[in-house]
Amino acid sequence: MCKTTNCLILFLPFHLCFFDFLIIPVVETKDKTVSVASAFAGHREAIQYRDHKFLRKAVEEAYKGVECEDGGPFGAVIVCNEEVVASCHNMVLRNKDPTAHAEVTAIREASKKLNQIELSDCEIYASCEPCPMCFGAIHLSRVKRLVYGAKAEAAIAIGFDDFIADALRGTGFYQKAQLEIIRADGNEAIIAEEVFEKTKEKFRLY
């Protein structure tokens, strides 16, 4: 603590904030103890403002996708070091690709632009809570932070089925998956599992 200015200077990792440090006012109580009241209030407000700014852009993409008849009302933005590296919307109808969700499309574009498959320095902003497929893609890309707007129920209410896991198990309220899932057994299963053991020294993902 700086006694001359009666403030507390906190040095924080860059990925936690916009600043290299925060200067926070402190209050000395009657019993001479120091109280840091609402220490991170300003920091939280700055983060919130920043999140809202990028989330707004994702929402704009959601509207854009519908207006262009590219796909459903979903948008996603990927940010790296305060720069938008990918701003995308759902492209399922345009690309005739059921996997071309906004988040997946944004991850693909960001990976190409940054020329890397690991996006650990990036954050993703999604207009709606990601479906299991998109969340899986976000996880695999190592994106460090996800911020979303609407809950999945908002999309489900107008006909989108985002609860894929429930659908596959046949427990989904809105949709029952007409899909038979079988795991092979016997020698075929063993041969398939051997692929990983036989290629582990030849292939490195990261």
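I started with S127. Leaving aside neighbours within four places in sequence, S127 is in contact (heavy atoms within 4.5 Å) with L55, A58, V59, A62, P73, F74, G75, G149 and A150. S127 is buried at 9% relative accessible area; buried means under 20%, exposed over 50%, partly exposed in between, with a 1.4 Å probe and protein chains only.

This is a predicted model: local features need pLDDT of at least 70, side-chain atom pairs count only at pLDDT 80 or more, and totals for chains, interfaces and linings use all residues. Residues are numbered from 1 along each chain as its sequence is written, and side-chain values use heavy atoms, with hydrogens and water left out.

I placed S127 in strand β7. Strands are DSSP runs of E, at least two residues, and helices runs of H or I, at least four, numbered from the N terminus.

Next I looked up salt bridges: a side-chain nitrogen of Lys or Arg within 4 Å of a carboxyl oxygen of Asp or Glu. The whole structure has 9. E123 and R50 form one, at 2.4 Å, N to O. E123 lies in strand β7 and R50 in helix α1 (residues 41-67), so the pair ties together parts 73 residues apart in sequence. I noted E123 as buried at 8% and R50 as buried at 6%.

D51 meets R145 at 2.7 Å, N to O, in another salt bridge. D51 is in helix α1 and R145 in strand β8, 94 residues apart. R145 is partly exposed, at 28%. R145 also forms a salt bridge with E123, at 2.9 Å between the closest N and O atoms.
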